[in-house]
Amino acid sequence: MDRILLGHGSGGKLMHELIKKYIAPVFELPSLMDSAIVSISHSGKLAITTDSYTVSPIFFPGGDIGDLAINGTVNDLAVVGAIPLYLTVGFILEEGFPISDFERVLNSISNAAKKAGVKIVAGDTKVVDKGKGDGIFINTSGIGIVPEGVELSPLKIEVGDKVIISGSIGNHGIAVMSERNGFVFEPPVLSDSRALNGLISEILKEFACYVKVMRDPTRGGVATTLKELALESGKDILIYENTIPLHDTVRGACELLGLDPLYVANEGIFIAIVKSHMAEKLIELMKSHPFGKESAIIGEVTGEGGKVLLKTSIGGTRIVDMLPGEQLPRIC
């Protein structure tokens, strides 16, 4: 059989064959169970996250729904200061979905998990009628350990703190949008989907007491993430447009399509708010890592209130707020 059948989600022979032939071998497990017993040898607090991935199209420049699911879950753990350890993966497959595409996604999941140093330990598979899904949806859950001495919170933000970003913005959203609509950019825009736990681990080993909070600006982009931090902390944040890393191709695509890159989704960068006097040293460390070469200080905490302001490249100042909806649907 070259396509998913309803019977693959029945709990019977076809489902067991799907798991045994395709899923379990890729994840190097004797079987893929609904639950798992794992060992936690680290000391510290337990971090737990869950997420669902419905990106369309499922394959895009620089990644696919499989590595996106792993990297996104790993990053959700990493930005709260956790060491990601174990993941579960659940699939909702549409009847008629090509087995070859499913294998491609499984291999992406396996490769991304290995790169991130996490293990997939349990999962689930369901199949819906043709026309009632969109090929494949993925749900992941992850657990990790927050080491002793690491405590990140927006409530720790103080006036004078600096805002740091680990890389250029807008790459993932524009990559997905271009594939969805058949646009071609030169050079091509690639998704920044990647696991950030290695970089974040290096930062926290040396600078844990100077890092106030971290977030990954996925849906809603940098603007929404900063606004969330401003509201949670009750502080005003000022960012500088000319210091925010942005590739020329992404800038041009956004201008062409009438998009604000501050609201375009990312999948491989994070924002950190840190003590002012350590910001430059932290940037120096980040630039020595492959995933932090474009890191930069992009703003500062300026006062009380919960607003985000942008100092534009032409010298004006405007308010940055959350959008009521999304600029680009189905980005992750």
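**A tutorial on surface, rings and a covered helix**

Tutor: In this predicted model, Ile40, Leu46 and Ile48 make a nonpolar surface patch of about 310 Å². One of these residues, Ile48, is found in strand β1 (residues 45-53).

Student: Why is Ile48 called exposed?

Tutor: The relative accessibility of Ile48 is 66%. Exposed means over 50%, and therefore Ile48 counts as exposed.

Student: How many aromatic pairs does a search of the whole structure find?

Tutor: The search finds one aromatic pair.

Student: What makes the rings of Phe91 and Phe102 a pair, and why is the pair called edge-to-face?

Tutor: The ring centres of Phe91 and Phe102 are 5.2 Å apart, and rings pair if their centres lie within 6.5 Å. Their planes stand at 85 degrees; an angle over 60 counts as edge-to-face, so that is the name for this pair.

Student: Which parts does the pair tie together?

Tutor: Phe91 belongs to strand β4 (residues 83-94) and Phe102 to helix α3 (residues 99-116), so the pair ties together parts that are eleven residues apart in sequence.

Student: How do you know whether Phe91 and Phe102 are buried or exposed?

Tutor: Phe91 has a relative accessible area of 1%, and Phe102 has 0% relative accessibility. Buried means under 20%, so Phe91 is buried and Phe102 is buried.

Student: What makes the charged end of Arg104 sit over the ring of Phe59?

Tutor: The charged end lies 3.7 Å from the centre of the Phe59 ring. The distance limit is within 6 Å, and the charge must also be within 35 degrees of the ring normal. Arg104 is listed as sitting over the ring of Phe59.

Student: Why is helix α4 called mostly covered?

Tutor: Helix α4 (residues 171-181) has eleven residues, and eight of them are buried. Among the buried residues are Asn171, Ile174 and Met177. Their cover includes β2 (59-60), α2 (65-78) and α7 (248-257). After α4 comes Gly182, with a positive phi near 75 degrees.

Student: Glu179 is also in helix α4. Why is Glu179 called partly exposed?

Tutor: Its relative accessible area is 42%. Buried means under 20% and exposed over 50%, with partly exposed in between, so Glu179 is partly exposed.

Student: Which residues does Glu179 touch, not counting those up to four places away in sequence?

Tutor: Glu179 touches Pro57, Phe59, Phe60 and Pro61. By contact is meant heavy atoms within 4.5 Å. As for Ile120, 59 residues from Glu179 along the chain, the C-alpha atoms of the two are separated by 29 Å.

Conventions
Residues are numbered from 1 along each chain as its sequence is written. This is a predicted model: local features need pLDDT of at least 70, side-chain atom pairs count only at pLDDT 80 or more; totals for chains, interfaces and linings use all residues. Side-chain values use heavy atoms; hydrogens and water are left out. Buried means under 20% relative accessible area, exposed over 50%, partly exposed in between (1.4 Å probe, protein chains only). Helices (H or I, at least four residues) and strands (E, at least two) are DSSP runs, numbered from the N terminus. Rings of Phe, Tyr and Trp (its six-membered ring) pair if their centres lie within 6.5 Å; planes under 30 degrees apart count as stacked, over 60 as edge-to-face and the rest as tilted. Patches are made of residues with over 30% relative accessible area and no salt bridge: like charges are joined within 9 Å, nonpolar side chains (Val, Leu, Ile, Met, Phe, Trp, Tyr) within 5 Å. Accessible areas come from the Shrake-Rupley method with a 1.4 Å probe; for residues, only the protein chains shown count as cover. A salt bridge is a side-chain nitrogen of Lys or Arg within 4 Å of a carboxyl oxygen of Asp or Glu.
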